[in-house]
Amino acid sequence: MDLEDTSISNQGNSVTVAASSGSGDISKSSMSSNNANSPNSGVSYQDENDEMNEEEEEEEEDDYAYDFYDNDDFIYQDDYTSMQNQFDSVDLPPGVEASLPWLKDFDSNVSKQDVASGHAESSSMGKRKEIEVAVLQTSEQFKQFDTVDSFQDHYYDKQGSKDQQRSKNWAKKIQEEWKILEENLPETIFVRVCESRMELLRAVIVGPSGTPYHDGLFFFDCLFPSSYPAGPPKVHYHSGGLRINPNLYQCGKVCLSLLGTWRGVNTENWIPDRSTMLQVLVSIQALILNEKPFFNEPGYSSTYVGLVGEKKSKEYNENTFILSLKTMMYTLRKPPKHFEELVAGHFRNRAVNILTACKSYVEGSAVGSVVHNLDESKISSTDDNKSDFQLAVSRVMNTLIAFFTRNGSTDCEDFRSPGLYDATAQAMANLDTLNKN
């Protein structure tokens, strides 16, 4: 793919991320989000000479954006274990797979078939409901900012331990960053830091509503290098091998001028003693995980205009939503350490909303226009006139229901198509077998 040396043009929408003040504060209300395609967004692909040579690995633009359905068997096949093995084989930092405490929540007397079909004994259902309430309460009490004992599964664990040449003010600056984060994090960003390894930070961003990333969880490992704050932090995205955005690479690279991974001008770049980690996280949420990520690609806003641009953007959003669903399942399978409770509670709390959105998209709603309490009387489309995207969502819902059910959700059965019942039961049995190995 040709990568142009251009910034992104305005598409009529904007995202405003407040510049940091002298103290580095960004208020919780400093972000307004429609689309991130403003001239000063500082969001784009890395340049053509980047050391990753990413352009050699990508297809031409027409193929690159629309080939996600080619490998749908990866997620839709009945052999659920095969899919899990692909998740497990992804090249990730050592220790990234954390334990899944909620897998022990199910009553041992409940058969696999009962779990899959939702017809467990009432006593078992009552016990599971109590557990679900307890998990949700724990998730709701999950602090937005907190310290942890260790980060042995952190992407930058080894690199950080070798980086010992730090300035006298380095620790003081990191503590200032912690205070800014603790006092100003938006409600949809959670952060963990480690007092014994001050250079390491882990954050999770909830996908914004109105975007193809809605209801998802997106994890980032961050490093404050010895040069900090003269130079920007390093940020690695937990991709699970999936490319969900032009600025988030499969290798985990985050392309953002604020991080020095793309050329920017003036305030788009890192400004020592002014730019902050909070600014980085809010920028990722607002400028990268936006409602029209197709236009994050340099030059697309001027190359694809009018109806042509809207059509391609719509198709990209549909493909991205499929990958976002896969990311949800990957995250449930491998919740990053110190965020297990948040992941469990988040998806128990949002399972119905996510499945409702899936169902509404199958019936023709645009991705991002989440429809809750879907009116069954308005459903009229059939398999004969459904698009590839609608059929793909219908298929992925089968596996998604298995994941949500195994995570403890008890109200997902109404979303399963009758013809998918046997496949879901088999998926649940395969998942049980996998977790015992």
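Okay, let's start with two helices: helix 8 (residues 170-184) and helix 9 pack at an angle of about 45°, with their axes 8 Å apart. That makes helix 8 oblique to helix 9. On the terms: angles under 35 degrees count as roughly parallel, over 145 as roughly antiparallel, 65 to 115 as roughly perpendicular, and the rest as oblique. The axes are lines fitted to C-alpha atoms, for helices over the stretch in contact, and the angles run from 0 to 180 degrees between N-to-C directions.

Before I go on, this is a predicted model, where local features need pLDDT of at least 70 and side-chain atom pairs count only at pLDDT 80 or more, while totals for chains, interfaces and linings use all residues. Residues are numbered from 1 along each chain as its sequence is written, and side-chain values use heavy atoms, with hydrogens and water left out.

So who touches whom? From helix 8, Glu177, Ile180, Leu181 and Asn184 meet Met277, Leu278 and Leu281 of helix 9, where contact means heavy atoms within 4.5 Å. Those residues divide into 5 nonpolar, 1 polar and 1 charged. Here Ala, Val, Leu, Ile, Met, Phe, Trp, Tyr, Cys and Pro count as nonpolar, Asp, Glu, Lys and Arg as charged, and the others, Gly among them, as polar.

Stay with helix 9 for a moment. How many of its 12 residues are buried? The count is 12 of the 12, so helix 9 is largely enclosed by the rest of the structure. Buried means under 20% relative accessible area, exposed means over 50%, and partly exposed is in between, with a 1.4 Å probe and protein chains only. The buried residues include Gln279, Ser283 and Gln285.

Zooming out, the chain has 14 helices and 7 strands. Helices (H or I, at least four residues) and strands (E, at least two) are DSSP runs, numbered from the N terminus. Of the 437 residues, 56% count as buried.

Strands of a sheet pair through backbone hydrogen bonds, either parallel or antiparallel. Two strands pair if DSSP finds at least two bridges between them.

Let's walk across. Strand 3 and strand 4 pair in the parallel sense over 4 bridges, and Phe145 stands opposite Val191 in strand 4. Next, strand 4 (residues 189-194) pairs with strand 5 in the antiparallel sense over 5 bridges. Val191 turns up again here, opposite Ala203 in strand 5. A hairpin of 5 residues joins strand 4 to strand 5. Then strand 5 and strand 6 (residues 217-223) are antiparallel over 7 bridges, with Asp221 as the bridge partner of Arg202.

Is strand 5 (residues 200-206) mostly covered or mostly exposed? Covered: 7 of its 7 residues are buried. Leu200, Arg202, Val204 and Val206 are on one side, Leu201, Ala203 and Ile205 on the other, and both faces are covered.

Asp215, in the loop between strand 5 and strand 6, has a positive phi of about 75° although it is not a glycine. Asp215 is buried, with a relative accessible area of 9%. Asp273 also has a positive phi, near 70°, but Asp273 is exposed, at 53%. And the peptide bond from Tyr228 to Pro229 is cis, with omega near 5°.

Leu259 is buried, at 8%. Leaving aside neighbours within four places in sequence, Leu259 is in contact with Pro232, Pro233, Val235, Val254 and Val280. Leu259 and Pro233 are 26 residues apart in sequence and 6.6 Å apart in space, C-alpha to C-alpha.
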